[in-house]
Amino acid sequence: MQSLKSAWPPRPLLNGLLATLALVIAPHAAHLPLWLSLLTAAILGARYWMARQNIALPRKWLLYALAVASVAGVILQYKTVFGREAGVALLTLMMTLKLLEVKNERDVWLIVFLGYFLVLTHFLYNQSLFIAAYLIVVSWLFTTLLIAFSQPRAQMPWRAQFKLSAKLLLQAVPVMLILFVLFPRISGPLWNLPSDATSGQTGLSDSMAPGMISQLAQSDSVAFRVEYAGKLPPSTQRYFRVLVLDRFDGYAWRASRPRPLTAAVHGQGAAIRYTLTLEPHNKPWLPVMDFADPAALPLGSQLNTDFSVTQKELVQQRKRYSAAAYVSLGNTLDSDADHLSRDLDLPPDVNPRARELAGQLRRSSRDDLDFINKALARFHNEPYVYTLNPPRLGSNSVDEFLFDTRRGFCEHYASSFTFLMRAGGVPARIVTGYLSGEYNKLGNYLIVRQADAHAWSEVWLADRGWVRVDPTAAVAPNRIEQGIANALPAGEALFLSEPSPWLKQLKFSWDAFNNSWNQWVLGYDQERQVSFFARLGFGILSWQDLGLYLLIGIGGAFGLLALFTLRTRHPHRGKVERAYALFCKRLALAGMARDPAEGPLDFAARVKTQYPGQASNIDAITRLYVALRYGADTKAEWVKDLEDLVRRFKVQKIHIR
Amino acid sequence: MNAHTDPLAAKLQQTVQQAAQIILGKEHQIRLAITCLLARGHLLIEDLPGMGKTTLAHLLAQILGLQFHRIQFTSDLLPADLLGVSVYDRERNGFVFHPGPIFAQVILADEINRATPKAQSALLEAMEEHQVTAEGETRKLPEPFFVIATQNPSHQVGTYPLPESQLDRFLLRIELGYPDRQAERALLTGLDRRDMLAQLAPLLEANDLAALQAEVGAVHLSEALVDYVQALIAATRQSARFSLGLSPRGGISLIRSAQAWALLHGRRSVVPEDIQAVFVAVAGHRLRPVGGNESGSAAAQSLLASVAIP
């Protein structure tokens with residue numbers, strides 16, 4: 001008995017468990033601290049080694065010490081045991097430590113169920129199609145392990161176990177779909193990810209120093225995707241405004257607090273309608289195409305005086321909204337005229353050479369417009385280079401860039417141009433956002449990546465209001481017309497430089513696929529749920545209605561499943577079986593149920609003691625049934641006899657005194 | 001049902017009744033023993049000393065009119081003691097084979113697990129082949145050849161438990177158990193059982209038995225019952241309670257025993273009750289429950305209650 005115990009769990013099963021645990025932990029290695037990943041791997045390896053060498057499991061005190069040390073390590077690392085990061089770390093560690101004290105099946109169940117839970121935690125980090133597929137496979141493995149451990153000495157081959165667990169998972173699919181479609185989506189804190197879930201995302205920030213956007217340009221992560229209701233506007237019109245930076249401290253540009261726009265705005269021409277799906281960026285602003293139509297703003301957002309759009313909450317989940325844009329605005333935007341003086345502010349004493357240049361240009365210009373054109377002409381005519389890797393700049397950044405290095409990215413041009421304008425007495429400010437993006441023909445939408453981040457300027461002309469001026473266009477017109485990959489000088493490869501057309505095609509189809517996953521699976525929120533059911537003709541459903549339908553749906557699914565199972569168990573129930581089943585049912589209703597393992601003769605004997613008056617009938621029915629079902633040669637008319645006898649068979653309910 | 005129409009079957013019923021008067025309160029076990037004989041199997045009786053194992057064996061031989069030998073197995077028993085030896089005969093000027101006690105129709109191998117494995121295997125070979133090979137010559141054993149082995153519960157001292165492969169040679173294993181109060185009273189106050197045995201006249205002749213044995217295979221087994229047998233076998237293999245399931249030979253034994261049981265009860269076709277009646281005796285010694293706290297018979301009994309009759 002002792003030897004049997006030490007050999008438990010059987011080696012192949014244990015190896016399967018270890019491998020599956022390694023698979024479920026592996027994706028977490030990307031964000032767990034290195035020591036923790038290594039420790040986990042070491043425990044898994046040690047457990048394998050111990051089983052192989054038949055080494056006894058560690059003693060209790062050692063396990064306690066390990067557990068305490070792990071908790072201490074997690075606390076030292078994260079300063080807490082709560083939250084996503086610390087919670088996952090603790091769960092991973094404790095689950096692997098449990099392997100060192102596996103004594104019976106109960107311990108294995110615990111580990112496997114923790115494993116299922118760990119599967120779930122991956123979705124706190126990543127909800128992509130790939131990880132979903134991966135985790136389905138892992139769940140399949142866990143289910144197979146449950147089956148295997150339930151019959152440790154069974155002869156059932158592995159293939160059959162895999163098949164059985166696949167069958168179990170497939171049987172759960174209808175219930176999963178019903179839950180997914182019908183489970184009430186309530187926007188509230190319950191559904192939000194932990195607060196630390198959205199840290200570490202790249203995106204624009206509320207200030208701009210030289211080098212910040214060029215750094216962003218290295219990232220190919222998607223910022224947002226846009227579907228246009230009509231034709232795709234030309235790339236020169238696809239300016240997506242995020243923030244307006246109007247305060248300059250000599251080095252970086254910063255945004256003022258946004259104020260809601262109150263004045264009426266009239267667009268020129270037809271509005272361009274589009275739907276934008278924004279990736280979470282943990283900031284309150286919503287990118288909109290210039291210039292946002294105040295009549296078609298995203299739900300719950302506000303249009304500010306600087307024409308940026310913000311909402312109250314941070315965007316922590318993928319957000320989908322519809323909006324509209326006018327290519328140009330009709331009236332002058334004088335609502336913010338009080339603040340124009342601020343758009344001339346410059347810190348004193350910085351960039352003296354640039355101030356001098358501005359003065360020169362100003363003196364030689366007829367008016368503001370001429371001044372703007374002269375400044376742009378300087379960028380165009382002088383040997384300025386558009387590059388991703390500009391040299392570092394010192395305290396007089398504008399001076400150094402304009403006169404010495406002459407190599408810069410869009411933020412350098414926007415920054416120095418705006419500086420020149422302000423120094424020359426023209427109110428000016430910087431706008432950051434995204435430009436043009438990449439069109440996916442397969443999915444018919446525009447992908448805008450962090451690499452498409454851009455900065456441009458706006459100047460105030462007394463008779464026209466704010467006018468967009470993009471100094472980058474004067475240096476590298478390709479940037480605006482063909483996208484960033486084509487604007488960089490040769491040899492300066494962006495990650496996106498496409499090596500071959502088919503790879504590009506593949507990338508597009510993958511992104512299109514991923515996009516529909518985002519839209520229809522991850523983006524299935526309250527709004528989509530309501531519209532989905534409205535389109536099916538259910539009207540607007542409250543969450544109570546949804547809950548009711550949910551119960552009905554799941555009940556129905558289980559009912560169908562039960563019906564199916566019961567039917568397949570008796571595939572060919574003939575007349576004989578039906579007649580006898582009716583006989584048994586009558587007796588069961590009277591209080592004498594036949595046990596499924598009770599033979600007909602035994603049953604008859606038991607029934608006869610209760611109903612001596614019916615003995616001859618019971619005997620006749622039983623004799624016919626046994627002869628028909630188990631006998632060698634049967635006559636067809638016996639079936640009729642049996643049916644008649646059963647039909648006439650009636651019993652009184654037993655009264656228990 | 002056409003019960004008791006067959007004169008042979010009627011004789012069998014009588015036999016059972018006769019036997020039940022001598023061994024009181026053990027009618028089910030007597031029926032199983034006769035079933036085993038009809039199915040051309042061998043019987044293993046496992047119980048404590050003094051429960052009537054020997055009397056049962058003796059009784060069967062007597063009322064069936066068969067030649068009977070009893071062999072007491074001890075730890076120093078040698079195969080030659082069982083099979084026989086050749087002794088030099090001076091008159092004939094040659095070796096003459098003196099057959100051992102195994103040359104009989106009914107053998108009572110008493111306390112088989114007291115003998116060494118060597119002697120055990122000599123017996124088991126004879127059981128399987130119905131012939132013995134001694135000193136290079138193969139000799140056929142008489143027909144019918146029926147071994148009743150008795151075994152002390154294996155936890156008793158000085159026993160060599162039979163391995164699974166050898167247990168499998170026995171078609172049925174039965175336990176006698178203590179008689180109930182009423183039967184015991186009759187035993188205590190009545191005549192000596194051995195005297196009663198001696199007065200019994202055989203009811204069956206050797207030909208009758210051979211005819212009945214030939215009939216066993218002809219008892220009808222419907223598809224529904226094959227399903228039931230398969231369900232029972234599958235349950236022993238899939239259940240986590242058993243470390244060893246029923247072998248295909250176990251399945252065949254189950255069917256043969258059920259057919260013999262049906263014949264003994266005057267039926268020409270098997271009913272589920274027949275299978276249930278013999279299942280514990282067939283499967284009890286072939287199954288090994290996990291853990292060892294539960295006997296194979298008890299586990300088989302509860303398994304029977306968990307499998308539905310199709």
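Let us start with a pair of strands: E10(A) and strand E11 (residues 309-311) of chain A run antiparallel and are joined over 3 bridges. Helices (H or I, at least four residues) and strands (E, at least two) are DSSP runs, numbered from the N terminus, and two strands pair if DSSP finds at least two bridges between them. One such bridge links A:Ser301 to A:Gln311 in E11(A).

Before going on, please note that this is a predicted model, in which local features need pLDDT of at least 70, side-chain atom pairs count only at pLDDT 80 or more, and totals for chains, interfaces and linings use all residues. Residues are numbered from 1 along each chain as its sequence is written, while chains are lettered from A and ligands numbered from 1 in the order in which they are written.

Now widen the view. E10(A) belongs to an open sheet of 3 strands, in the order E8-E11-E10 (chain A), with antiparallel pairing. Strand E8 (285-286) and strand E10 (301-303) of chain A stand at the edges with a single partner strand each, so one side of each has no neighbour in the sheet.

Another strand to look at is E3 (residues 239-245) of chain A, where 7 of its 7 residues are buried. A residue is buried if 20 or more other C-beta atoms lie within 10 Å of its own, exposed if 12 or fewer, and partly exposed in between, with C-beta atoms placed from the backbone. E3(A) runs antiparallel to strand E16 (residues 428-435) of chain A, and 6 bridges join them; in one of these, A:Val244 has A:Val431 as its partner. E3(A) is also joined to strand E9 (residues 288-289) of chain A by 2 bridges, again antiparallel.

Next comes a helix, H6 (residues 105-121) of chain A. In H6(A), A:Val108, A:Ile111, A:Val112, A:Gly115 and A:Leu118 are buried. They cover an arc of only 110° around the axis, which puts them on the same side of H6(A); the arc is that of the directions from the helix axis to the C-beta atoms. On the other side of H6(A), A:Arg106, A:Phe117 and A:Leu120 are exposed.

Finally, where do the chains meet? The contact takes 17 residues from chain A and 22 residues from chain B, where two residues are in contact if their C-beta atoms, placed from the backbone, lie within 7 Å. On the side of chain A that touches chain B, H22(A) gives the most, with 4 residues.
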